[in-house]
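Have a look at the sequence and the model first.

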Amino acid sequence: MQIITNTSRNAGRKTLRDFIRLIMAFFLCLVVLSLYQNIRLYMAGVLDGVLTKSLLLLVVHHSGFTAMISLFMAFLFNYLESKKHSLGFKVTYILFIVILIIEGLLVEFYVRNYDILGAGFLEVYNSRTSTSASMLSILLLLPFMAGLLYLFYKFTASVYGTISRMFPLTIILFSLFLATLTSDKNPVNENKLQHLAYSVADEVFDFNKYEGEAEYPLLQSYVSNKGLSPYFNLKDKKPNLVFIVVEGLGSDFVGDKAIYRGFTPFLDSLQAKSMYWNNYLSNAGESYAALPCLLGSLPFGENGFTNSPESPARQTIYGILKKNNYTTSFNYGGNSALNQLDKFLYEERVDFILDSKGFGSEYLKQNEDAAGISLGYPDKELFQKWQNDLYISNNPRLDVFFTLSSKKPFLIPEKEVYIRRVDKILSEVKMQSRPSKLVKKNKDVFASIIYADNALKSFFSSYARNEDYANTIFIVTGSHNLTDLPLGDNLGRYRVPLIIYSPLLKQPARITSLVSHLDVSPAILGLLESRYDIKIPSEVAWLGNGLVHDGVFDSTKKIPLLRHNSNIQDFVYGNHFLSGSNLFDLDSELKLIDPDPSVLKQEVKEHHKYFKAVNKYVMNNNKIIPSSLNLFAQLKSNPSKEEMVWINSVFNGSDFDNAYNTAKELAFKGDTQRALLLSGYILSRVPGHADTEILMGRIHAWEGRYDTSIDILERAIQKYPIYADGYAALLDVFFWSDNNHRALTLKRLIERNNIQNKEVQNKMKRALKKMDETKEPESNEKILKKSIDESPLISNRN
């Protein structure tokens with residue numbers, strides 16, 4: 001009787017046999033994902049075949065991952081089965097499905113972006129994958145993986161007998177796990193979830209802290225680097241500087257090392273008559289993070305300099321040249337508020353900031369993608385807008401352009417025309433089999449490269465007609481190498497061209513020095529200082545030093561590389577390249593080779609570790625430079641503790657439109673001080689919030705502070721020249737303060753920017769009528785001159 005009872009109790013219980021079958025089924029599902037990955041990469045022209053060595057290595061790494069998961073799952077399985085029959089099996093089955101779905105999503109991201117996700121994965125994944133696409137992938141993977149796992153579980157019943165006669169399971173699993181820990185891994189042959197888990201764990205358990213004695217570890221006495229001066233014949237007048245940062249322009253497209261030849265004919269011709277660096281690196285794998293490196297030789301922080309919650313004091317080429325009477329501008333066809341780029345620019349007191357908010361209806365916006373989103377205005381429109389609005393200034397200029405047309409989804413104007421040009425180049429240019437295959441599979445990418453190159457050709461042609469062309473230095477580079485195409489190695493994403501062209505050049509030059517974005521601003525400032533009375537701070541905290549040194553490598557040079565957010569895994573020290581835990585040597589062509597056995601890997605890792613510690617310390621604690629060396633007073637809202645308590649009581653989140661509505665309601669109710677306090681806080685966080693800036697201008701006018709109001713509103717119009725509310729507010733203030741004559745200058749801007757707003761037109765008529773009613777009217781010429789003299793921010797433009 002007792003035997004029957006025990007038998008009935010154990011009838012529904014799952015055993016180790018069932019667990020092993022489930023493990024086998026899970027592993028087979030990973031093999032299917034491996035095949036899917038290689039098939040997709042083969043179809044895209046990335047791999048030469050499906051059944052490759054990389055597939056075998058991937059299967060081996062999946063076996064190690066399966067072993068690791070199994071070791072942990074076995075305890076959970078047995079424990080739950082002891083509590084309730086089949087509970088351990090069901091929970092394990094569900095967990096395996098979840099793991100397979102996550103691995104499937106990571107594989108899909110990899111085959112689409114050729115990038116394996118590590119620490120900071122959420123921001124990177126969300127920036128490249130829409131929510132709807134993610135949900136669709138999950139909905140497709142869920143039934144597929146559940147069914148596949150069940151199918152393989154049933155299949156394993158027929159082969160379990162063979163497996164059961166092998167060594168004990170735990171020994172097998174543990175051996176596989178240990179074997180894969182020491183094996184070489186690359187993204188194509190690595191289990192994606194295991195890589196992600198290790199990266200996140202490294203980040204979470206990174207106890208690398210800066211423990212040095214120096215309060216400002218990057219601070220050093222300024223030493224001028226005049227390496228560029230022998231190459232130039234500078235004139236008496238300071239030259240204009242034009243920086244052009246081309247989205248995704250890598251060395252794969254330009255110069256004698258280009259893999260894809262013929263797609264940048266203008267840049268190829270330009271570099272032939274320029275100073276050209278063929279061993280040059282961007283310091284970031286993300287576009288926005290490259291700009292502070294190029295313009296300020298600045299550290300990254302954890303997520304790129306501009307994404308830092310605080311705004312550390314610093315010294316950029318923008319600020320230094322503005323202090324030396326340069327007129328500065330930043331020109332971008334997209335939304336400068338993304339990644340808080342606008343905040344960085346406002347803090348640098350950039351005179352003119354053009355982004356997507358500044359283009360009128362006469363400019364063609366880029367087509368929307370499948371989600372209904374447009375990146376902004378394509379490159380030709382950007383350059384044309386700048387040329388049309390070219391401002392007159394007796395001062396030298398620093399103009400920075402940041403392009404976007406060669407960026408996913410590559411929706412350039414006249415796309416079919418440029419696709420045909422891709423076909424023509426394919427038929428005319430001899431290309432190796434693999435690059436040729438990739439071009440055919442990615443014609444939209446290469447069409448956008450041709451378009452970007454053509455836009456640059458048009459820009460240089462139009463700029464050559466400017467009076468100051470002969471006294472201008474052009475610096476052209478890429479934000480990073482395009483990651484939408486497969487890269488040769490882990491250094492590939494950072495390899496970009498650097499071209500410095502100018503009529504002031506003595507002769508073309510080919511520079512072999514291995515340098516990076518961090519070296520550009522110090523080098524350009526050193527060039528100017530070699531000829532002119534340029535005031536540069538006595539102490540600086542730049543990560544770079546100059547663009548020219550003997551040979552390819554400087555044995556003491558350190559080049560940190562930010563792969564993406566929270567991921568500083570790559571680092572160059574001398575001729576050594578550390579990528580994750582792997583160390584390589586670099587040859588003169590920057591190809592990765594096996595390291596010299598005499599090189600101490602630990603020494604390179606210590607330099608890398610020290611940089612990461614310092615990088616985090618200076619950014620989180622505002623310790624790049626002392627505030628006494630800051631070029632400008634920091635544009636911060638500094639509410640008291642009591643005021644901050646109130647601000648948090650009415651706004652504690654990220655919906656700044658809602659905060660603006662709160663400030664507007666307070667102003668309308670007469671609580672203008674609180675409205676200004678909240679508005680100041682909003683602008684300290686989102687300096688491009690136009691409605692808040694205009695509201696502040698109106699509040700000051702309501703309280704009779706007309707000069708302050710006019711100053712605020714003129715700056716707002718400068719930032720948002722096609723936003724009608726700014727004009728309406730400023731016309732009100734002119735009317736209330738009896739400054740209607742200044743409406744004449746505003747009228748020119750309204751016409752230029754094609755403002756058709758009825759309210760603005762009526763208020764302009766009111767101002768003109770008031771002028772006609774004056775007893776002793778001045779001539780229009782005198783009135784216009786007077787209005788120009790009183791409105792310098794507006795009158796700087798033609």
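## Ground rules

This is a predicted model, so local features need pLDDT of at least 70 and side-chain atom pairs count only at pLDDT 80 or more, while totals for chains, interfaces and linings use all residues. Residues are numbered from 1 along each chain as its sequence is written, and side-chain values use heavy atoms, with hydrogens and water left out.

## The chain as a whole

The chain has 798 residues, and 55% of them count as buried. Buried here means under 20% relative accessible area, exposed means over 50%, and partly exposed is in between (1.4 Å probe, protein chains only). There are 29 helices and 17 strands; these are DSSP runs numbered from the N terminus, with helices being H or I of at least four residues and strands being E of at least two.

Take the contacts (heavy atoms within 4.5 Å) between residues at least 6 apart in sequence: 76% of them join residues at least 24 apart.

Nonpolar side chains in soluble globular proteins tend to be buried together. A nonpolar core here is a set of buried Ala, Val, Leu, Ile, Met, Phe, Trp, Tyr and Cys residues joined through side-chain atoms within 4.5 Å. The largest one has 92 residues, and among those with the most contacts inside it are Leu 228, Trp 277, Phe 330 and Leu 547. A second, separate core has 50 residues, including Leu 267, Leu 354, Tyr 377 and Val 445.

If you click on Phe 330, you'll find that its partners include Leu 291, Tyr 318, Leu 354, Val 400 and Phe 402, leaving aside residues up to four places away in sequence.

## A covered strand

Strand β8 (residues 472-478) is mostly covered, with seven of its seven residues buried. In a regular strand the side chains alternate between the two faces of the sheet. On one side of β8 sit Thr 472, Phe 474, Val 476 and Gly 478, and on the other Ile 473, Ile 475 and Thr 477, all buried.

What does β8 pair with? Two strands pair if DSSP finds at least two bridges between them. Strand β2 (residues 240-246) runs parallel to β8 over seven bridges, and Val 245 stands opposite Thr 477. Strand β9 (residues 498-501) is antiparallel to β8, joined by four bridges, with Tyr 501 as the bridge partner of Phe 474.

Lys 408 and Pro 409 are joined by a cis peptide bond, with omega about 15°. Pro 409 lies in the loop between β7 (397-402) and α15 (415-428).

Asn 325, with phi near 70°, is in the loop between α12 (317-323) and β5 (327-332) and is exposed at 53% relative accessible area. Leu 590, at about 65°, is in the loop between β16 (582-586) and β17 (592-593), yet it's buried at 2%.

As for disulfides (pairs of cysteine sulfur atoms within 2.5 Å), the structure holds zero. Cys 29 is buried at 0% relative accessible area, and Cys 293 is buried too, at 1%.
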